Amino acid sequence: MIEFKAIIEKFDKKGEKTGWTYIEISPLIASSLKPECKVSFRVKGKLDNVLIEGIALVPMGEGEFILAINKPLLKKINKSEGQWIEVQLEEHVDFKIDMPEDLFSCLKDEIDLFKKFNLMPRSHQYYYFNWLNTAKTESTRTKRIIMILHSLENNLDFGAMIRNARNNGNA
């Protein structure tokens, strides 16, 4: 387990990361967690005294990574931009999230789409799972499944799917 202190920061304008709250993970710390890794990987540990698991470190280039902190997690740790936070991290090797049953039911009938989905890195699949599982109503969940299927048909990654939906007034 690696322990360090970090300042909570927020992107002003940074493409799809605009508005994200995060902490920086230096190349030294990232390579201590997962040597020679240049792609996103999952970690577990603590932010202050709040347990975390399955959170992705996102590569920013030159060996640097960030750990995004969403609003619910910020609320749990009771911190905001500009404040220091105690961090304890290790790679979350055994992280696993199962495909939601309703998404599986739709994909199993669409062999080509199912293959495309399974060829995605696990971290990218998780974006879809998390987004689908945060739907508050059944109609929103159904709409999201349709959007996922459409994105697979059109070879859109998660970010492109969301941007496309926003541009069409569907998100």
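Charged pairs, end to end

A: Start with Glu91, which is partly exposed at a relative accessible area of 24%. Here, buried means under 20% relative accessible area, exposed over 50%, and partly exposed in between (1.4 Å probe, protein chains only). The model is predicted: local features need pLDDT of at least 70, side-chain atom pairs count only at pLDDT 80 or more, and totals for chains, interfaces and linings use all residues. Numbering starts from 1 along each chain as its sequence is written, and side-chain values use heavy atoms, without hydrogens or water.

Glu91 has a partner. Its salt bridge is with Lys34, and the closest N and O atoms are 3.1 Å apart. (The criterion is a side-chain nitrogen of Lys or Arg within 4 Å of a carboxyl oxygen of Asp or Glu.) This pair links distant parts of the chain, 57 residues apart. Lys34 sits in the loop between helix H1 (27-33) and strand S4 (41-47), while Glu91 belongs to strand S7. Helices (H or I, at least four residues) and strands (E, at least two) are DSSP runs, numbered from the N terminus. Lys34 is partly exposed too, at 28%.

Strand S7 also holds Glu86. Glu86 and Lys5 meet in a salt bridge, at 3.6 Å from N to O. That pair joins strand S7 (residues 84-91) to strand S1 (residues 2-7), across 81 residues of chain. Lys5 is exposed, at 55% relative accessibility. Glu86 is partly exposed, at 43%.

Now the helices. Asp102 bridges to Arg141, with 2.5 Å between the closest N and O atoms. Asp102 lies in helix H3 and Arg141 in helix H6 (residues 138-153), 39 residues apart. Arg141 counts as buried because its relative accessible area is 16%. Asp102 counts as partly exposed, at 23%.

Opposite charges can pair when their charged atoms come close. The whole structure has four salt bridges, including the pairs described here.

Finally, the setting. The chain has seven helices and seven strands. From the N terminus, the order is β-β-β-α-β-β-β-α-β-α-α-α-α-α. The C-alpha trace spans about 45 × 30 × 30 Å along its principal axes. Of the 171 residues, 39% count as buried.
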